[in-house]
Amino acid sequence: MSFWIELLVSVFLVVGSVFALVGAIGLYRLPDFFTRLHGPSKASTMGVGGIVLGSMIFFGSQGEGLSMHEVLITLFLFLTAPVSAHVLAKAAMQQRLPYTERTRGKPWD
């Protein structure tokens, strides 16, 4: 395998891992449900996307071509993560979950 392909795969894996780590830290550290929802839905989606892109480049360079499994995983991930975050936020608004003073956008008040 070429040095440049290995470097590109490594960059995507490291960047994806950093995004996933930031999402996990956000899930742990943020104070309320609404701010906690932001970390996994944004950062972890980009993290898994970066890791899948690295996988696509690696296995594509092995001579097997582009795998439809990885393309479908990426498509499914980028379509379902925002929809599920929106549904969770709407359900939390209906339940009137407690929030911190710094949380913006309080339509139920």
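Where is L77 found? L77 sits in helix α3. The legends below refer to a predicted model, where local features need pLDDT of at least 70, side-chain atom pairs count only at pLDDT 80 or more, and totals for chains, interfaces and linings use all residues. Residues are numbered from 1 along each chain as its sequence is written, and side-chain values use heavy atoms, with hydrogens and water left out.

**Figure 1. Confidence along the chain.**
pLDDT is the predictor's confidence in each residue, from 0 to 100. The chain has a mean pLDDT of 87. In the chain, 96% of residues reach 70 or more. Confidence is highest in helix α1 (residues 3–29), at 93. It is lowest in α2, at a mean of 86. Helices here are DSSP runs (H or I, at least four residues), numbered from the N terminus. Where pLDDT is low, the predicted coordinates should not be read in detail.

**Figure 2. Helices α2 and α3 pack against each other.**
Helix α2 covers residues 33–64, and helix α3 covers residues 68–95. Their axes lie 10 Å apart, at an angle of about 175 degrees. Axes are lines fitted to C-alpha atoms, for helices over the stretch in contact, and angles run from 0 to 180 degrees between N-to-C directions. The two helices are therefore roughly antiparallel.

Which residues of α2 meet α3? Among them are F33, F34, L37, M46, V52 and F59. Their partners in α3 include E70, T74, L77, F78 and M93. Contact means heavy atoms within 4.5 Å. By class, the contact has 18 nonpolar, five polar and one charged residues. Nonpolar covers Ala, Val, Leu, Ile, Met, Phe, Trp, Tyr, Cys and Pro; charged covers Asp, Glu, Lys and Arg; the others, Gly among them, are polar.

**Figure 3. L77 and T74 in helix α3.**
Is L77 buried or exposed? L77 is buried, with a relative accessible area of 19%. Buried means under 20% relative accessible area, exposed means over 50%, and partly exposed lies in between (1.4 Å probe, protein chains only). Leaving out residues up to four places away in sequence, L77 touches T45, V48, G49 and P82. T74 also counts as buried, at 17% relative accessibility. With the sequence neighbours up to four places away left out, T74 touches V52 and M56.

M46 belongs to helix α2, and F78 to helix α3. M46 is partly exposed at 44% relative accessibility. F78 is partly exposed too, at 37%. On the same terms, F78 is in contact with T45, M46 and G49. F78 and A92 are 14 residues apart in sequence and 22 Å apart in space, C-alpha to C-alpha.

**Figure 4. G50 in helix α2.**
G50 is buried, with a relative accessible area of 10%. Neighbours within four places in sequence aside, G50 is in contact with F12 and G16. From G50 to S84 the C-alpha distance is 20 Å, and the two are 34 residues apart in sequence.

**Figure 5. Aromatic pairs.**
Rings of Phe, Tyr and Trp (its six-membered ring) pair if their centres lie within 6.5 Å; planes under 30 degrees apart count as stacked, over 60 as edge-to-face and the rest as tilted. This rule gives three aromatic pairs. In one of them, the rings of F33 and F34 have centres 5.7 Å apart and planes at 80 degrees, so the pair is edge-to-face. F33 is partly exposed at 27% relative accessibility, whereas F34 is buried at 16%. F58 and F59 also pair edge-to-face, with 5.0 Å centre to centre and 80 degrees between the planes. F58 is partly exposed at 28%. F59 is partly exposed at 37%.

**Figure 6. R96 in the segment after α3.**
R96 is not a glycine, yet its phi is positive, at about 55 degrees. Most residues other than glycine have a negative phi. R96 is exposed, with a relative accessible area of 53%.

Note on methods:
Angles under 35 degrees count as roughly parallel, over 145 as roughly antiparallel, 65 to 115 as roughly perpendicular and the rest as oblique.
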